[in-house]
Amino acid sequence: MATTLGTVARSNLGKHRLRFALTSIGIAISAFFLSAVLISNLSLMTSLRESAAQFYGNSDLVLEDPDHSQFVIESPPYLSQKAAQQVQASSLVKSSWGVATADDVMYLAGSGAQEPSFLVKRTDLAADDSVLSLTLQEGDLPSTSSQVLIPSSLAQNSDLRVGQTVRMTDYTLPVDFQGLPPTSDFKISGIYAQKAATGPMNNMVFTGGSLTADYTKSREADPSSGYSMMMVKLAPGVSVHDFKQQLTSAGLEVAVSTVEEQIQKDVDDFTGGISQVTAVVLGFGLLSLLMSSFVIANTYRVYAASRTRELALLRTLGATRFALVRMLLLEAFMLGVLSALAGIVTAYGLAFLISTFMTGGYMIDFSPVPALISLFICGTVAVLSALAPAWSMRKISPITAIQSVPEPRTRSVLKKVWFWLLVLLLVALVAVGIFWAQSSPLEPGYVLATVALATLLVLVFPFFLSPLLAVTSRFCQPFTTAGMAHSNIRQAKGQTVASGRMLFICAAFLAALMTGFTSLKVSVLEDIERSYPFPASGFVSAQSWEASTRLEQEVQAFGGVDAATVAIPQGSLENKLYQDANRVSVYSLDASQLDRLAPYDFPHPLADDQLLINASSAESLGLVEGSKIRVAGTHKSQELTVVYTDTDLFGPVMTRVTGQRISGSELLATSPSPDSPALILGFDPSLSSDQQLAALKGLESQVGLAQGSLYGSLTMGRDIELGLNIGLYVALGLLGATLAITLIGIANTQILSAYQRRRPYALLRVAGMSKKQLRAMISFETTLVALLSILLGIGAGYACAILLLQVYATNGFSMNYSVHGWDLLLILIGGVALTWLTSLIPALRASRLSPVVSLQETP
């Protein structure tokens, strides 16, 4: 019997393949989504591993500072000088390479201030090149400090060739971190083959000599080697244990890792943030699977109900109740696996095309693991989704096969009890999450509360939809198109709830996304305005009074500039607490121009006897607002009153009159290098942000500054807004797959419903209803459910977004909860319009059914 029922299951899939077509498409989309994410993540891991293997390939051990895993990128912990010398002098070491790296900018030489630039990671080439695994594509290794070896990906993407000259920072000269660093020419001596353009060797260039190590060493106040790590190749016959013992005996605290351990550590470090992105993308994939599960469940609910007589007949032939359940679940499993195969093959085909045409060293991994995982998940989801409809079929009696009217089914009291217990549990989780978040600064509390609230709202959705349908039915006259549509909704509550719940979830996600996006955007831009008080500012290389004032006049005369001033270092604070440390420079500027540029918390205007300073900086210097502090210039000193501001400044500020009084027309001489003046400017408020950015770009070009030298609330706001917009577009694109599955599910439900209602539709046609009226009734039924479901989803999404945004508010971030009404209106109108379009095909098919044939086919 089991074999016979398996044959029946396979036969049913083939016989009703058109009925399952839309369901299969939904599963295929989910499988494609899931496979693509897993392939991308696995390919990234493979690329990172290959890059790390190339970097550490010929060494045996990698040495790092013990705190390396906790370092901040801007200030990496270097190996101590003692440790580096001990390793280099050890008889157990055959060769070693002290790795000193620094982020730098590479310019194409000879093309002026607007020359193209590339971010690179600059490293000294090992004296013994056997430690590093490099394969030259062309050229030679750098032999001098003025030669550079570049990766093949950089050469290909930037059209660089051997023998070409580029410019990078000149580490032989003092580097002023406030102004533009000095640069010098470097000749490209060779190009090495790069296995993967990501990971530790991403845009890594090698120069001869030890200038990078000398530079990194000079940045540390304590004696250090300047090496972020050392690669070691052990002498023949020396074990790792022997080498570690020697380091321990010498009293050295060094983290020692094998190459494989270091590769895994690098992969984990690089994928730390990427794993979060992958989790978010997988979350969207699981959302699409959730929608597919609704489609499958609804399909099998209608499908199983339409096969009641067939299943009852199988019971009369000897099939047990659980054999029928197994047969239906076998159908669902085969449907899930076969549909998933289509999506998986498409994902792998797309990956193959990308690997064929893509350049840049990103390695596509064609491992079968993503396919197997996708098959398992889709098959399991299909079985679980069909479980409830299939399980309900076990109660079919063989007598049903000869009855003209099916036996009515009642909902068990136990099922209702479990439902309300689950509702109470979710309410409790929401309360616990909020209480947890308020009683401790932990973020998971609000996350838990949001997830529980979202699940609760999805679960109780029918209890919100039913009253709204009841209210709208009062405005519909009996026997009209709207009235009969309401009658259909009441008769098919299961299908109505299934379709409405899918729309509810999609609308809730979109509303939550738009609410979160708008609130974060407004809040971040306001925070930027507080952190960056001026539209644009930056240090300039004018090292004299005449050059600074000339630049100021040139910028003020530039079209579109509303106000501008150059802050000139003309004094320093005489602070007894910091008399042995480097002096804090004080900048003088034009008070009238500052008054036009100044934010809300600046004094208007700044008086000649006042010193404007950031509040947190003042507190670290021991300065109290309203107190007196003496500022020393090149000629004399003057006592000024401290005035606080919450905005971040490049340094304490005084008026130009005060600056000239204490230093005349001279700049303050500081060591080891003089502080650079700072240019501050703002644009005409009547100009749009795009016009202001274009004016800023033209200004930088006219005054000879590199692009991006001037930044502030204007550029930072543009960058943040661009990043948020990209995130929004990606999220909307990912939600597009879910929306597609939802529309497919609605169309599938309507088609199955039309098939199930053949007899009622035929009777309506016989009673005089036209095809047009039948189509209008079906479309109205779908559109009404869509309208109410989307309205409820928008409200639920807004509530969940506000609750989740508390994560930022509790961390001290000033949140401005905002939502654009037009965004929510667009969700409503777009959702209703798409649902109406989706209902046209089922309505058209239903209207084409012949009343005579339908009455004959339906017993």
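Helices (H or I, at least four residues) and strands (E, at least two) are DSSP runs, numbered from the N terminus. Residue numbers start from 1 along each chain as its sequence is written, and side-chain values use heavy atoms, without hydrogens and water. The model is predicted: local features need pLDDT of at least 70, side-chain atom pairs count only at pLDDT 80 or more, and totals for chains, interfaces and linings use all residues.

**Exercise 1.** Determine where Asp-159 lies and what marks its backbone.

Step 1. Asp-159 belongs to the loop between helix H4 (152–158) and strand E7 (165–169).
Step 2. Most residues other than glycine have a negative phi.
Step 3. Asp-159, although not a glycine, has a positive phi of about 55°.
Step 4. Buried means under 20% relative accessible area, exposed over 50%, and partly exposed in between (1.4 Å probe, protein chains only). Asp-159 has 53% relative accessibility, so it counts as exposed.

**Exercise 2.** Describe the largest nonpolar core and the elements that build it.

Step 1. A nonpolar core is a set of buried Ala, Val, Leu, Ile, Met, Phe, Trp, Tyr and Cys residues joined through side-chain atoms within 4.5 Å.
Step 2. The largest such core has 37 residues, and Tyr-300, Leu-311 and Ile-344 have the most contacts inside it.
Step 3. Two or more residues each come from helices H2 (21–56), H7 (259–306), H8 (308–316), H9 (321–357) and H10 (369–392).
Step 4. H9 supplies the largest share, 13 residues.
Step 5. With contact meaning heavy atoms within 4.5 Å, Ile-344 touches Ala-31, Ser-35, Ala-371, Ser-374 and Leu-375, leaving aside residues up to four places away in sequence.

**Exercise 3.** Which residues of helix H19 are buried, and how are they arranged around its axis?

Step 1. In H19 (residues 656–663), the buried residues are Arg-656, Thr-658, Gly-659, Ile-662 and Ser-663.
Step 2. The arc is that of the directions from the helix axis to the C-beta atoms. Because these residues cover an arc of only 160°, they lie on the same side of H19.
Step 3. The cover over the buried residues of H19 includes helix H16 (545–556) and strand E13 (561–573).
Step 4. Gly-664, which follows H19, has a positive phi near 65°.
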